[in-house]
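This report describes the strands, cores and charged pairs of a single chain. The sequence and structure come first, and the description follows.

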Amino acid sequence: ELRRSIHERWFDWVKKANADGSRDFYGMQKLIFRTMARDGECFVRFRGRLPEDRLPVPLQLQVLEADFCPIDLNREIPGGIIRAGKEFNGIGKCVAYWMLRAHPGDPLMGKSIDPNPVRVDAQDILHVYLPDRPGQVRGVSWLAPIVLRLHNMDLYDDALMWRQNLATAFVGVW
């Protein structure tokens, strides 16, 4: 009976798990995986909800791109340090993330939305990435090793197309 109740609640929550309502939990997993492969990392923010929201479980998830956590935010703070937007205490444990309220590419960023990052407790954030070395604090795109090669292939393809266009422009008349 308990197992059946848990399963029912789970399947009800799966449909309502996404804070923006655009996809179900399984669609969010796919989005998180694709974002991690492309950008090297993805953030998921746990959003507690109120009982009057009438959700099966008072929790929703918000998927955020890596851009929400400024990688160039580095400074010492009392009792710790902020490295790449992640706050670490004196013994090196991640205790918080510094997150922007909106995507930095949002046209309203800095106008009606405060452009300064806010501190979010680490317990409210899931940082999804695959560290390649000890002490690595941010993810690296899975495409990073081949980006230069892809760029060079794109340049070659463009040059080949220009060559063909130029060759068709020459016409011989007898």
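## Salt bridges

Glu-87 and Arg-119 meet through their side chains in a salt bridge, at 2.8 Å from N to O, where a salt bridge is a side-chain nitrogen of Lys or Arg within 4 Å of a carboxyl oxygen of Asp or Glu. Because Glu-87 belongs to strand β5 and Arg-119 to strand β7, this pair ties together parts that are 32 residues apart in sequence. Glu-87 counts as buried at 9% relative accessibility, whereas Arg-119, at 41%, counts as partly exposed; buried means under 20% relative accessible area, exposed over 50%, and partly exposed in between, for a 1.4 Å probe and protein chains only. The model is a predicted one, in which local features need pLDDT of at least 70 and side-chain atom pairs count only at pLDDT 80 or more, while totals for chains, interfaces and linings use all residues. Residues are numbered from 1 along each chain as its sequence is written, and side-chain values use heavy atoms, with hydrogens and water left out.

By the salt-bridge rule the count comes to seven. One of them joins the side chains of Glu-41 and Arg-138 at 2.9 Å, N to O, and it links distant parts of the chain, since Glu-41 is in strand β1 and Arg-138 is in the loop between β8 and α3 (147-169), 97 residues apart. Glu-41 counts as buried at 3% relative accessibility, and Arg-138 is buried too, with a relative accessible area of 6%. Another salt bridge, at 2.4 Å from N to O, is formed by Glu-8 and Arg-4, which both lie in helix α1 (residues 2-16), four residues apart, or about one turn of the helix.

Helices (H or I, at least four residues) and strands (E, at least two) are DSSP runs, numbered from the N terminus, and two strands pair if DSSP finds at least two bridges between them. Strand β5 (residues 86-89) runs antiparallel to β6 and is joined to β6 by three bridges, with Tyr-97 of β6 as the bridge partner of Lys-86. The hairpin of β5 and β6 has four residues between the strands, and in this hairpin Gly-92 takes a positive phi near 90°. Strand β7 (residues 118-121) pairs with β6 in the antiparallel sense over four bridges, and Val-118 in β7 stands opposite Met-99.

## Nonpolar cores

A nonpolar core is a set of buried Ala, Val, Leu, Ile, Met, Phe, Trp, Tyr and Cys residues joined through side-chain atoms within 4.5 Å. The largest such core has 14 residues, and those touching the most other members are Phe-43, Leu-64, Cys-69, Cys-94, Tyr-97, Met-99 and Ile-125. Strand β6 (residues 94-99) supplies the largest share of this core, three residues. A second, separate core has nine residues, including Val-14, Phe-25, Cys-42 and Leu-61.

Five of the six residues of β6 are buried, so that this strand is mostly covered. Leaving aside neighbours within four places in sequence, Tyr-97 has contacts (heavy atoms within 4.5 Å) that include Phe-43, Cys-69, Val-118, Arg-119, Ile-125 and His-127.

## The sheet of β2, β1 and β8

Three strands form an open sheet in the order β2-β1-β8, with antiparallel pairing. Its edge strands, each pairing on one side only, are β2 (59-64) and β8 (125-129). Strand β1 (residues 41-48) is joined to β8 by five bridges, and Phe-43 stands opposite His-127 in β8.
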